[in-house]
Amino acid sequence: MDTYNQTNDYSLLTLAMGDLVQPAPLVSRTTSIQQTAYQITQTGSHTALIVEESQLCGIVTDQNFRARVIAVGHDPQQAIDTIMTAHPITLPPNAPALEAMLLMANHNIRHIPVVDPYTRQILGVVTATDLLRNQTHHAVYLIGDIYRAN
């Protein structure tokens, strides 16, 4: 558990992003597409966070590799910034997981980087799968969240 939210309540209203964050490879925007894919594969991640001068500047997911490289025959030796999504939506570690779910639904995205708003340190990423995995273990909380929202 992260120190940002010490709670035993697994409701999406009270569970913080810092409690769900998973590591993701950090790669320079000049790293090749192929090398980035290799790092994602080696770490078992589905996402790479693209950095410039230690600051987040983009994100690349498995979906990006399929749609922007393989499907169109893009040269895998080119820099990763040629296929990244620039300026991704981020959340701080103390943001409620429910906020991530709403952002994902509203923007049709499945990965949100978690960045400390004070230090700008990149902590990792939370995926839609992380949110669902948490709620499938705690369905009663999801029902409670829906009830309270009405």
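Predicted model: local features only at pLDDT ≥ 70, side-chain atom pairs only at ≥ 80, totals over all residues.
Helix H3 makes the greatest contribution to the lining of the largest pocket, supplying four residues.

**The largest pocket**

- The volume of the largest pocket comes to about 310 Å³, and 14 residues form its lining.
- Among these lining residues, Thr61, Asn64, Thr85, Ile109 and Arg110 are the ones that lie nearest the centre of the pocket.
- Strand S3, which covers residues 55-61, and helix H3, which covers residues 62-70, each provide at least two residues of the lining.
- When the lining residues are sorted by class, seven are polar, five are nonpolar and two are charged.

**The nonpolar cores**

- The largest nonpolar core has 13 residues, and within it Met17, Leu20, Leu91, Ala100, Ile112, Val126 and Leu131 touch the most other members.
- At least two residues of this core come from each of helix H1 (17-20), helix H4 (97-107) and strand S5 (111-115), and H4 has the largest share, with four residues.
- Leu20, one of the core members named above, is in contact with Leu15, Ala97, Val125, Val126, Asp130, Leu131 and Asn134, when its neighbours within four places in sequence are left aside.
- There is also a second, separate core, which has 12 residues and includes Ile33, Val69, Ile83 and Met84.

- Ser45 is found in the loop that runs between helix H2 (33-43) and strand S2 (47-52).
- Although Ser45 sits in a loop, its relative accessibility is 13%, and because buried means under 20% relative accessible area, Ser45 counts as buried.
- If residues up to four places away in sequence are not counted, Ser45 touches Pro23, Ala24, Pro25 and Ile40.

Terms used. Residues numbered from 1 in each chain as written. Heavy atoms only, no water. Buried < 20%, exposed > 50% of the residue type's maximum accessible area, 1.4 Å probe, protein only. Contact = heavy atoms within 4.5 Å. 1 Å grid on protein atoms, 1.4 Å probe; cavity = no way out; pocket = protein on both sides within 12 Å on 5 of 7 lines; lining within 4 Å. Points joined across faces, edges and corners; volume = space filled by probe spheres on them. Nonpolar A, V, L, I, M, F, W, Y, C, P; charged D, E, K, R; others polar. Core = buried A, V, L, I, M, F, W, Y, C linked by side-chain atoms within 4.5 Å.
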